[in-house]
Amino acid sequence: MDKLKSETTALPGLPALPNAWFDRKGLVQIGLLALLFLAPLAAHLLGHIYYVNLASRITLIAMAAVGLNLAIGYGGMVSFGHAAYFGLGGYIAGISAYHAFDFSPVMSWPMAIPGSDSMLVIWLATILLCGLLALAIGAISLRTTGVYFIMITLAFAQMMYYFANSWPTYGGEDGLPIYIRNSLPLVDTGQPWTFFLIAFSGLLLAMAITSRMMKSRFGAALTMARLNDTRLATAGVSPYPIRLVAFVISAMITGLAGALYADLNGFISPTMLSWHMSGELMVIVILGGVGRLYGPLAGAILFVMMETLLGGMTEYWKLFLGLVLLLVVLFAKHGVMGWLAGRERHV
Amino acid sequence: MSDVVLTLNHLQKHFGALQATRDVSLELKRGEIHALIGPNGAGKSTLIGQIAGNLKPDAGSVHLAGQEITALSVAQRARLGLGRSFQVSSLAEPLSVLRNVMIAVQALQGHSFRFWKPVHRDESLLAPAREALERMQLSHRADTPVSELSHGERRQVEVACALALKPRALLLDEPMAGLGPEGTAHLTDLLETLKQEVPILLIEHDMDAVFRLADRISVLVAGSVIARGDSAEIRHNPDVREAYLGD
């Protein structure tokens, strides 16, 4: 009994204080956000644009992982195909910008849709289309569980990948450049610091939505669907629609991150849709801590920093990534957040 | 509305050559505990599956409060007022006792697609959940994770979850299994007071509890009901003694 108790308490030796800002967990979380905000601010003031863009990259990868974490961590749906939504968001940004650039329509039948270089239009389209795609993929995939679910989500994402690869209009495997970054009213999105602030707001919003939603009735039902779907069904709530809605929201968040990511790079290619991308997002979620609100942020910082620092020294940096992942899985099962901030206690 | 809450009409279920349920009919009336007993392999679990909705019968029908529910899913049956507990307790272990019961209250209210209001200060969820715990004398454990509960307490939580659904009928699958004598006595007392409010179909191995609690007993052997009656009748029925009680 004592052993059980200590395992479920937030911190050995300290009482569990839910919602406290200044316990260990609160400090770690504030620290991570401060790091992500202040480091690029310093770089911006010192004129190091490269590091501002690097922070934007971390931010958007983290935001994509926040979406995936909603599916994997909170919903127990191990999707190995979230690159489909990340890439779709990217292609929507790219294709829309491409048509806005040469004033051609995206489609002329059954109705004429012009291109647009407005981020607001692109984000709206991304939410709609990623939602629809996830509704279709989820409706089929969620009829399976376990390894079948992993494989079927992977299969759908690979279909998207090969489709993009073989569609010459938008560059096929060569990809498509975005010559001028898409715009927002009143601000100059071309400024690295401004763009970082947009990305940072997106990440904060995605995390706030996740946090708030998981405390709501829907979150309670989703948690029960993950922990014990028999209990949920016995109570009279069908788990399937709950999971499906969570899957769709998850895809929308990842898709929005993808749309912004394309704008950050000024370029899209099928790489954004490939299973490597799905795998990277999954690794980030696991590194950071599955089902932890700040897990994707911690994971993305670790991943991108390793990629940048170790990748600068050796092209075999993924060997070291593999070692770190191995250590996390073996010795810190709750990821970086579990290690830094202690175990989560459900109250 | 009639006195009969739950009706099984001529249920049949085969698994290949094995006939697990043979023409079983059964009624559960308001205010009673109807016990279903039978030796291992008699087909009790198969029958429960058909009542709860995990299994579809090959023939026959199940009615709850006059409505046919034979083709409905587990969740749909629960929404119509069928509460159940499991032979092996089925709760979300990392969550607190209160959280486990709250999901039933939430289901009863039918609003699971609400994304904004936090449940942890939603009195419309908390109050009925606390009340159900109070009924099962578990209030002092409300904030304890289920993983820290004793076996007997988990049984009580299961019944509290079922109660929170404000069910028309309760289906309790071996609620005494694995309980010590003290736990059994405690739960027996609780069920006895409960039956006035909700009729209970009780599947149980503990004969003392069954004979004490049940108003009627049906004995299932090899898929069919071989005897039905009150405690005294069943105790003295020669077929039952031979098939089940072993003397």
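In chain B, strands E1 and E2 form a hairpin with two residues between them, and B:Gly16 in the turn has a positive phi of about 60°. Strands (E, at least two residues) and helices (H or I, at least four) are DSSP runs numbered from the N terminus. The structure is a predicted model, in which local features need pLDDT of at least 70 and side-chain atom pairs count only at pLDDT 80 or more, while totals for chains, interfaces and linings use all residues. Residues are numbered from 1 along each chain as its sequence is written.

Strands are taken to pair if DSSP finds at least two bridges between them. E1(B) (residues 4-15) and E2(B) (residues 18-29) run antiparallel and are joined by eight bridges; B:Thr7 stands opposite B:Glu27 of E2(B). E1(B) also pairs with strand E4(B) (residues 59-64), in the antiparallel sense and over five bridges. There, B:Leu8 stands opposite B:Val62.

Chain A contains 14 helices and four strands. Its C-alpha trace spans about 70 × 55 × 40 Å along the principal axes. The radius of gyration of chain A, 20 Å, agrees with the value near 20 Å for a compact globule of 347 residues (taken over C-alpha atoms; the globule rule is 2.2 Å times the number of residues to the power 0.38). Of the 347 residues in chain A, 52% are buried, that is, under 20% relative accessible area with a 1.4 Å probe, protein chains only. Among chain A contacts (heavy atoms within 4.5 Å) between residues at least 6 apart in sequence, 77% join residues at least 24 apart.

Notes
Chains are lettered from A and ligands numbered from 1 in the order in which they are written. Side-chain values use heavy atoms; hydrogens and water are left out. Buried means under 20% relative accessible area, exposed over 50%, partly exposed in between (1.4 Å probe, protein chains only).
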